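Here is a walk through one protein model, taken a piece at a time. Keep the 3D view open while you read.

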Amino acid sequence: MDQNQVEILKRALNREKNARKAAEKILEEKSRELYFTTQKLESLLDEKSSELQGIFENIVDAYVVMDFDGHILKFNEAATKLFGYDIDKENIKVGSLIYKDDFQYAINSFNELQKNGFFKDYETRVYTKSKEVKWVHINGSIVFDKHNKPIAAQGIVRDITAERASAERLIESENRLATLVLNLDSGIILEDENRNIVLSNTKFCELFNINAKPSDLYGMDCTSASEQNKVLFKDPEAFIQRMNTIDKAKEIVIGDELEMVDGTILERNYMPITIGEKSKGFLWTFTDVTLKRTYRKSLEAQKQKYYGIIANMHLGLVEVNNDDEILMINQSFTEMSGYTEEELLGRKSREIYPLDDCSGTIAAEQEKRKRGESSSYELTAICKFGKTRHWLISGAPNYDIDGKIIGSIGIHLDITELKSLELQKEKLLLKLERSNNELQEYAHIVSHDLKSPLRSIDALVNWLKEDNKGKLDDMSLKNFELIEATLEKMEQLISDVLDYSSVGTDNTEKADVDLNKMLLDLKTILYIPEHIAINALNPLPTIKGDAIKLQQLFQNLISNAVKFIDKEKGLITIDVEDLKSHYKFSIEDNGIGIEKQFHDKIFKIFHSLNKSKDSTGIGLSIVKKIVDLHEGQIWLESQPNVGTTFYFTLKK
């Protein structure tokens, strides 16, 4: 190798060394930049992780994190509410949440999650803590650490129980509707917005004598088909004209009648189908009403009548079959029993009445219905909320169109409040009767026991007067007279108390009482001084009541008036006024009068304003009790030194 080549190699080696140093410097700078960038990324990652934590804590749907052994690591608030568990206090495994029939499906989905790192639209059933079964929709994914190592699984869980139930009901409804349309007893034609047939059924082909399947009509122009079929009607042109009028108006038509050449009467209904403001087609229905036409008005009237009765009556209506299974109930019965229609339909009626004696009663009544017998009976039941209720049930057999008994119908009236009132009434009446009897017995015993010593004292006084006749001075004789007067007043007081205790009893049968005749009898019985006159301004009526008590009423008021007349010429005036349900009586006198402050007190027992030997303070109390007994009221108007008027009413 010559010198030139060596020089060339040296220069190349130097260039390589310089290039390597430059590259190392650049690499060092880039490493430094990468380090700072990494620090920023980690800070940003921590910030984003905090944001994500807040998002998942407050997300509307449930958020669940678990390890690969199935242990729940984290629930957000929505998950806690959905499943009912508090994972801070309870150790929960996913396996305990999975519905038993969906367990294998869950295992397969979990394997898919581990394989692909995620899964979507996983729907399954789960158990809550209360063992309630719920449908859920889950989107899941694997959680990785910063080294990209899988450490857990997470999922967003949405409760779709209500949606699932609605979807199932919708599918059932669609299936029922499809079956209904195909087998409907009315001919159906559904047109699109261009009047092309998109749906028909077998009945339509039968009514119009079309020898084809309903599906063969799909896509056919309805206008052309109408022109072909118009010859089937008695007035072909009217048929076409009316159809065009209906189609042009695009308004609902119900009950349009068509008469065919063979005498068949068809009822035509039309309904435009619109979504928003855009027409999407038209629905035509045709029903053979030939046999029904004669009876339609009568049936409609009957239908409206009974519909109104059932809808507005506050009575529970229950229909059962011969096996006692509930087929139908009305709204009133759901309110009475506390059960919903879904809870009762298909159940045996005796199962909802837990009381032991109900099953036997219901079974016996069910046998009567099978024999065609109707009856009414009382039943004690416990409603859903545990309350005991009393029902009066009127049951009757239910027949099919062939006259065969297929079950029974019961009308339920809740008489719980009535039974409670009857029981209270019986207890009160029994207690009142016992109290009255005891009071009567006590009053008679007390009267007898009190009068006996009074009579003995009176006899002793008479003996003393007889034994010492001519020996006693005037003062002693006056004292003896005072003793006799006191004894007489005491005996009268005891008699009045006995009368007062007896007047409240209403054992006497009410009869017609002629008050005019009674007043005449009182004038002869009572002591009426010559200076006092008793006048009746109007004839007194004949009323239903207790004759003895009514006589005592008028006697006490008239005697009271006589007792307190202080004028040289006394006047007692009796009058009556005919009210709607009562008679209003008044007894007026021109006696000493009563001050306003004593108007209420005088009707209380032992409240006598004048302490005279003839007054015991009981007479007006007896008067008030008699008025109360005849469902009336009593009051007075009075002016001192002018007179008093007592007013009282008695029920006719």
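## Helix α6 and its surroundings

The buried residues of α6 pack against β6 (187-191), β7 and α7. Keep in mind that this is a predicted model. Which residues of α6 are buried? In this helix, which covers residues 222-229, they are Cys222, Ala225, Ser226 and Asn229. Looking down the axis of α6, you'll find its buried residues within an arc of 105 degrees, so they line one face of the helix. At the start of α6, Asp221 brings a side-chain oxygen to within 3.3 Å of the backbone nitrogen of Thr223.

Strands β6 and β7 belong to an open sheet of 5 strands, ordered β7-β6-β10-β9-β8 with antiparallel pairing. Its edge strands are β7 (197-200) and β8 (253-259), each of which pairs on one side only. From one strand to the next, the twist averages 20 degrees. Helix α7 (residues 236-249) packs on this sheet and touches β8, β9 and β10 (278-288). The direction of α7 makes about 25 degrees with that of β9.

For a look at one pairing, go to β8 and β9 (residues 265-275): they run antiparallel and are joined by 5 bridges. Val253 stands opposite Tyr270 in β9.

## The nonpolar cores

Now move along to the largest nonpolar core, a set of 38 residues. Leu553, Phe554, Ile558, Ile572, Phe585 and Phe648 touch the most other members. Elements giving two or more residues to this core include the helices α14 (515-525), α15 (547-563) and α16 (619-629), and among the others are β17 (532-536), β19 (570-578) and β20 (582-589). The largest share, 7 residues, comes from α15.

Ile558 is a handy place to look around. Setting aside neighbours within four places in sequence, Ile558 is in contact with Leu519, Leu522, Leu526, Ile534, Ile572, Ile574 and Ile587.

There's also a second, separate core of 25 residues, which includes Ala62, Ile87, Ile98 and Ala153.

Leaving out neighbours within four places in sequence, Lys134 is in contact with Leu82, Thr124, Arg125, Val126, Thr128, Asp159 and Thr161.

Pro397 is 29 residues from Lys368 along the chain, and their C-alpha atoms are separated by 8.4 Å.

## The whole chain

Stepping back, the protein chain has 16 helices and 22 strands. Of its 652 residues, 34% are buried. Take the contacts between residues at least 6 apart in sequence: 51% of them join residues at least 24 apart.

Notes
Residues numbered from 1 in each chain as written. Predicted model: local features only at pLDDT ≥ 70, side-chain atom pairs only at ≥ 80, totals over all residues. Heavy atoms only, no water. Contact = heavy atoms within 4.5 Å. Core = buried A, V, L, I, M, F, W, Y, C linked by side-chain atoms within 4.5 Å. Buried < 20%, exposed > 50% of the residue type's maximum accessible area, 1.4 Å probe, protein only. Helix = DSSP H or I, 4+ residues; strand = E, 2+ residues; numbered from the N terminus. Pairing = 2+ DSSP bridges. Axes fitted to C-alpha atoms, helices over the stretch in contact; angles between N-to-C directions. Arc of directions from axis to C-beta. Polar contact = N/O pair within 3.5 Å; in protein donor to acceptor, adjacent residues only side chain to side chain.
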